Amino acid sequence: MAALGRAAGAEREDAGVVPARAGEASKDISMATYTPGQPSLSLEDAKFRRPMVIEIIEKKFEYLRREKTLNTYGTVFFGTAASFSGLLANLIFRHCFKVKHDALKTYASVTTLPFLSTVVAYKFLVTDALYLGNISQENCVLRSTLVGIVCGFLYPCGLAFSKNGHLAVKYHTVPLPPKGKFLLYWLLLSQREIKGMIIPLVFQTVFGIFNGLQHYAIFESTLQKTVHED
């Protein structure tokens with residue numbers, strides 16, 4: 001029997017097959033099932049990591065909710081300032097043109113339309129462009145200032161001027177302007193009172209700069225916190 005065992009061992013060696021011991025076999029099995037550098041996740045690790053992931057997601061939602069609230073307040077306040085500009089402009093032009101008709105109608109239009117135009121223009125030109133990452137801080141401030149000047153000052157003034165001028169012609173509250181000098185006549189008629197519109201112009205410019213800087217700072221802060229949480 002011993003001779004047969006030695007003969008079989010010699011045949012396996014000649015064939016290139018080396019018998020493995022019991023310890024070596026277990027090592028080979030363990031190497032096949034475990035790769036160095038690959039973490040093995042147990043059930044306890046998964047239970048521990050799940051609350052951390054939920055907490056990170058909740059923090060992100062809280063940052064976005066806070067940013068959206070602050071941006072909404074700033075935009076609404078911006079539109080409200082444009083409404084006050086329209087209110088002041090309408091008051092000045094009604095006094096210049098001595099108009100006393102359709103007060104509610106004119107005041108409603110010169111306050112509502114500038115508010116809506118400011119909110120919509122700010123959303124498309126500043127907020128959406130900022131979230132798309134297409135503008136820098138300087139560009140954000142410039143766009144916000146232009147929205148304040150155009151939608152918060154020029155548009156309310158032009159709207160109040162046209163509506164009250166139309167009412168003045170309709171009800172003959174002031175002498176009719178000569179032909180070919182319609183716009184110049186109205187400007188000369190209200191040149192002293194219109195100087196009071198410098199106040200809303202300065203306010204809209206300063207507030208546009210401030211709102212643009214604040215909006216960009218909130219966006220950058222939220223973006224950095226989200227990156228750090230990741």
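Does Phe 207 count as buried or exposed, and at what relative accessibility? At 12% relative accessibility, Phe 207 counts as buried; buried here is under 20% relative accessible area, exposed is over 50%, and partly exposed is in between (1.4 Å probe, protein chains only). Phe 203 is partly exposed, at 40%.

A word on the ground rules: this is a predicted model, where local features need pLDDT of at least 70, side-chain atom pairs count only at pLDDT 80 or more, and totals for chains, interfaces and linings use all residues. Residues are numbered from 1 along each chain as its sequence is written, and side-chain values use heavy atoms, with hydrogens and water left out.

Searching the whole structure turns up nine aromatic pairs. One of them joins Phe 203 and Phe 207: the ring centres are 6.0 Å apart and the planes sit at 5 degrees, so the pair is stacked. (Rings of Phe, Tyr and Trp, the last by its six-membered ring, pair if their centres lie within 6.5 Å; planes under 30 degrees apart are stacked, over 60 edge-to-face, the rest tilted.) Both residues lie in helix 7 (residues 198-229), four residues apart, or about one turn of the helix. They also belong to one aromatic cluster with Phe 77, Phe 78, Tyr 122 and Phe 210.

An unreviewed UniProt entry annotates "transmembrane region" over residues 70-93, 113-133, 140-161 and 194-213; such annotations may be inferred rather than shown by experiment. Here are two of those stretches:

Helices (H or I, at least four residues) and strands (E, at least two) are DSSP runs, numbered from the N terminus.
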